[in-house]
Amino acid sequence: MADTDTPSFKAADLVIQLSSTLKTKPHVSAFGTVFTDHMLTIEWSETDGWQAPLLHPFRNLSLHPACSSLHYGVQLFEGLKVYRGYDNRLRLFRPMLNMSRMLKSAQRACLPTFDLSELLECIRRLVETDQDWVPDTDSASVYIRPTLISTEPSLGVKKPGRALLYVILCQVGPYFSTGANDLSLWADPKYIRAWKGGTGDCKMGGNYGCSLLAQYEAADYGCQQVLWLYGDDHQITEAGTMNIFLHWINEDGEEELATPPLDGVILPGVTRQSILELARTWGEFKVSERYLTMAQLCQALRQQRVSELFGSGTACMICPVGNIVYQGENLRIPQQEKHSRLTSRIAKELTDIQDFVFISREESFSLGVTAHSYWTPIYWTPIYWTPIYWTPIFWTPIYWTPIFWTPIYWTPIFWTPIYWTPIFWTPIYWTPIYWTPIFWTPIYWTPIYWTPIYWTPISAPPLRRSHSVFFVLRHCYLTHKGLWVIQNHRRSTGDEENGCERVQL
């Protein structure tokens with residue numbers, strides 16, 4: 001939500017200025033080098049608040065030379081992708097998580113806050129405008145870069161009084177150019193990416209600019225990225241710009257998928273969160289957020305307890321790690337068959353969600369719906385992945401009542417009319433007499449039925465004929481009435497069963 005002291009901009013106020021000349025769309029280029037035709041800009045000032053959002057042709061920004069974002073790094077950004085699904089519709093994957101993280105970064109940088117849904121709707125309009133840039137291929141997409149910078153024209157180190165929020169789009173292919181090979185990492189504790197109490201859990205430019213020297217030194221060792229370590233015990237934190245995951249047999253002999261916890265050093269990645277939640281729904285192995293050290297990894301490698309090590313992120317999705325250069329030693333990570341890799345399974349399931357292969361409209365943000373209704377929490381609960389979720393009974397009020405989860409609910413008697421009558425809950429219902437035909441006749445409920453004379457033989461000659469007639473009439477009545485009740489009861493039960501949606505669990 002937006003800060004109550006800083007009213008947010010509104011997507012309804014969006015002003016659109018379309019470009020008169022559209023660019024030629026090239027083949028997918030290197031990551032982040034070719035941009036689309038339009039961009040979104042929204043200005044803010046302490047005196048006037050947020051101005052109306054403006055969607056206009058892509059162009060350079062004009063900044064004051066003393067702008068504090070240039071001098072002191074008062075800026076932040078986000079990164080998410082738009083995918084073209086198998087049905088040719090465009091979708092964003094869990095964009096509200098990106099919006100929430102961006103808001104958190106803005107608060108940390110003392111930049112203005114905003115309404116998450118309003119920004120997401122503005123982004124939707126921008127993507128809709130440049131939708132022809134989204135490739136119709138599984139190997140490429142359009143990357144969305146929302147950015148918020150201070151435009152305060154002052155060299156004083158202070159909270160900005162002016163800011164600019166803008167969004168640009170670019171066509172992207174694979175983030176790493178490693179081909180079919182797994183990623184190689186260089187681990188050296190002399191470089192630290194982030195520390196507790198810092199901004200490692202925010203997506204700020206300073207976290208990335210300071211990593212360049214270490215990345216180029218990693219290249220001198222033949223590695224593509226840096227495995228960032230922290231502390232005297234060389235805790236594993238991140239790999240390059242990715243969160244890191246270890247699939248192994250832990251010290252207790254359990255199969256486990258582990259990743260470092262969010263303690264202020266780790267960026268709370270959207271893909272990271274999705275992997276954790278997805279793996280937990282499988283229920284096949286332990287899924288943990290725990291500290292991992294290089295000593296633990298080295299020992300597990302020696303004992304052959306490591307299955308896979310991989311990184312995750314929006315730009316790269318899932319990237320297996322093949323080896324780590326650490327303290328002069330080249331640590332080889334086991335190479336699993338591709339079809340049996342956990343990384344392949346995770347990547348496929350996430351891609352299927354993004355491409356809308358097997359999901360419904362709740363699971364991703366389709367550009368055909370509003371930003372306010374794109375996502376529901378149910379997606380990340382175990383019930384979503386069970387067959388019951390897709391049956392009509394799931395959406396009825398009875399599903400959410402305690403009786404639904406009791407054994408009686410799933411017995412035939414629950415679905416008969418008698419279950420819902422007061423007699424069902426009385427002691428007489430559970431006595432043998434209740435199930436005899438006589439119970440359902442009027443005579444059963446008359447005082448004469450319970451007197452001794454009713455059950456004694458009548459032998460007096462003057463009364464024999466009348467008693468005989470009474471007995472025959474009673475016998476015919478009971479037989480006829482009893483059969484009618486039973487048949488009607490069974491027929492009612494059958495009608496109820498035929499009218500019910502029966503769920504096979």
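Which residues make a nonpolar surface patch of about 250 Å²? The patch is made by L61, L63 and L70. L61 sits in the loop between β4 (54-57) and α1 (68-72). Its relative accessible area is 35%, so L61 is partly exposed. Keep in mind that this is a predicted model.

Now step back to the whole protein. It has 9 helices and 19 strands. Of its 505 residues, 50% count as buried. The accessible surface comes to about 26,000 Å², and 58% of that belongs to carbon and sulfur atoms. Take the contacts with a separation of 6 or more: residues 24 or more positions apart account for 67% of them.

Next, go inside. The largest nonpolar core has 41 residues. F114, I144, L148 and L165 have the most contacts inside this core. Several elements each supply at least two of its residues, among them β2 (38-45), α2 (95-108), β8 (141-150) and β9 (162-172). Helix α3 gives the most, with 7 residues. Look at L148 up close. Leaving aside its neighbours within four places in sequence, L148 is in contact with residues including W50, M102, F114 and L165. There is also a second, separate core of 27 residues. That core includes I236, A239, M242 and L297.

Turn to the backbone. Most residues other than glycine have a negative phi. Some residues here have a positive one. Q304, which follows α7, has a positive phi near 55°. C110 is not a glycine, yet its phi is positive, about 60°. C110 lies in the loop between α2 and α3. At 39% relative accessibility, C110 is partly exposed. Q327 is not a glycine either, and its positive phi is about 50°. Q327 lies in the loop between β17 and β18. Its relative accessibility is 60%, so Q327 counts as exposed.

Finally, follow the charges. The structure holds 18 salt bridges. In one, R91 pairs with D87, and the closest N and O atoms are 2.6 Å apart. Is R91 buried or exposed? R91 is buried, with a relative accessible area of 1%. D87, at 30%, is partly exposed.

Another salt bridge joins D182 and R341, with the closest N and O atoms 2.9 Å apart. D182 lies in the loop between β9 and β10 (183-187), and R341 in the loop between β18 and α8 (342-354), so the pair ties together parts that are 159 residues apart in sequence. D182 counts as buried at 14% relative accessibility. R341 is also buried, at 14%.

E217 and K190 meet in a salt bridge too, at 2.8 Å from N to O. E217 is in helix α5 (residues 212-220), while K190 is in the loop between β10 and α4 (205-209). The two are 27 residues apart, and the pair links distant parts of the chain. E217 is buried, with 16% relative accessibility. Last, E121, R124 and E128 are linked in a network of salt bridges.

Terms used
Residues numbered from 1 in each chain as written. Predicted model: local features only at pLDDT ≥ 70, side-chain atom pairs only at ≥ 80, totals over all residues. Heavy atoms only, no water. Core = buried A, V, L, I, M, F, W, Y, C linked by side-chain atoms within 4.5 Å. Buried < 20%, exposed > 50% of the residue type's maximum accessible area, 1.4 Å probe, protein only. Helix = DSSP H or I, 4+ residues; strand = E, 2+ residues; numbered from the N terminus. Contact = heavy atoms within 4.5 Å. Patch = residues over 30% accessible without salt bridge, like charges linked within 9 Å, V, L, I, M, F, W, Y side chains within 5 Å. Areas by Shrake-Rupley, 256 points an atom, 1.4 Å probe, with all protein chains shown as cover. Salt bridge = Lys/Arg side-chain N within 4 Å of Asp/Glu carboxyl O.
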